[in-house]
Amino acid sequence: MIDSREQSALRTFLDVAKANMRNYSMFLVLALIMIGFAVLTNGVNLHPRNFTYIFIQNSYILILAVGMVLVIIVGNIDLSVGSLTAFTGAMAAIFFNRMGLGFAATVALTLFVGLLVGVYQGYFIAFVKIPAFIVTLAGMMLFRGLTYIVTRVTPITPRTDIFKNTASGTLDVLYIMRMAPNNRGVMVEQAFHLLPLILGALIVVLMVVFGMRDRRNKIKNDFHVLPVGYFIAKQVFMAAILMYLSYKFALYRGLPNVFIILGITVVIFTFITNNTVFGRYIYAVGGNARSAKLSGINSERVIFFVHVIMGMLCGLSGIVFTGYMNSALPDAGKDFELEAIAACFIGGASTTGGVGTIIGAMMGGLVMGVINNGMSLMSIGANWQYVVKASVLLLAVWYDIYTRKKSGLG
């Protein structure tokens, strides 16, 4: 028999789990999708090489999703990111090839071009009060046309492999050689990379330290915190995911360069949204712009800088995609805006604004990437891939609306 205290503890745990299901359900969904494709592909999708390729092939979308979730949180949308990614990627190739700039100068100047575009679009959206949908729709057409003009409708291949190595290369350092079976089961000498495991362990330690510090600060200031058991379970779960991913990277080529770029981007903007005044302003403006304005928050300035950030991240995405394709393509960026928007909504962002996280957008992007990858491994055509992705997006938005109504927010 279960006594009343045990029943109360169980009820409390279930209530907490239910309240936090919205935040962590994508982790469970991603795990279930991976397991499902493992059964359907005889475990091919769990091969270390496949993990590396999933990140390399989806890195530019994940970078865009970081900025897009901020745009969605403030209640806007950006339809220009695909065209702007193509334009900045083309400008990067022009800076590097035709102007002969070094790679570092090319990256800096490309990010600055993205920033200027963000300033241009952000000004019309925030201060002229033209709806973001209209401004960015115009931007989608404008920058597509400019991409055709600057590339002369001809691909531009970088003069060295530095772009390619940035997007598709790995940190092939700090490894040991060992005997291990290859794809055919034959024992051969292979490298086991230690750097991913070291960095993974370091991130886990930092995650635990900062998680405990944040918990202590909340308790000190009488804020609500998760029960100890739930907090420990959350830390263990996240640590297991990180170390499993690190182990997979260790088995094949080491840490992808683009994973480092993406990781730094995610850490920076997660810190901004969670630990800065500007981050709190973003959620306040998205939750209720009028109330935020009455509270003394300069809503126009917040919206303006969010679009400036989006422009810069388009520049970064343009560099990565040019490296991934090893060429600046006139038709680059097609449907990137739709992929980035879908990643945010699948990852828990609300269609009404005010809700969303960087980590959630990453999980949503990975869900889309894993589905694409799994269906490709099964030789399912692109037509059915669109059908499946559309269904996943619709279910995610339905789940958002359903949970908001259940919690009394809808």
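Both glutamate 339 and lysine 389 are buried, where buried stands for a relative accessible area under 20%, exposed for over 50%, and partly exposed for values in between, computed with a 1.4 Å probe on protein chains only. The side chains of these two residues, glutamate 339 and lysine 389, meet in a salt bridge with an N to O distance of 3.0 Å, a salt bridge being a side-chain nitrogen of Lys or Arg within 4 Å of a carboxyl oxygen of Asp or Glu. This pair links distant parts of the chain, since glutamate 339 belongs to helix α13 (residues 336-346) and lysine 389 to helix α15 (residues 382-406), 50 residues apart; helices are DSSP runs of H or I with at least four residues, strands are E runs of at least two, and both are numbered from the N terminus.

The model is predicted, with local features needing pLDDT of at least 70 and side-chain atom pairs counting only at pLDDT 80 or more, while totals for chains, interfaces and linings use all residues. Residues are numbered from 1 along each chain as its sequence is written, and side-chain values use heavy atoms, leaving out hydrogens and water.

A search of the whole structure finds four salt bridges. Another of them joins lysine 129 to glutamate 300, whose closest N and O atoms are 2.9 Å apart. Here lysine 129 lies in the loop between α4 (103-126) and α5 (132-151), whereas glutamate 300 lies in helix α12 (residues 299-325), 171 residues apart. Lysine 129 is exposed, at 53% relative accessible area, but glutamate 300 is buried, at 16%. Lys129 and Glu300 are also linked with Lys293 in a network of salt bridges.
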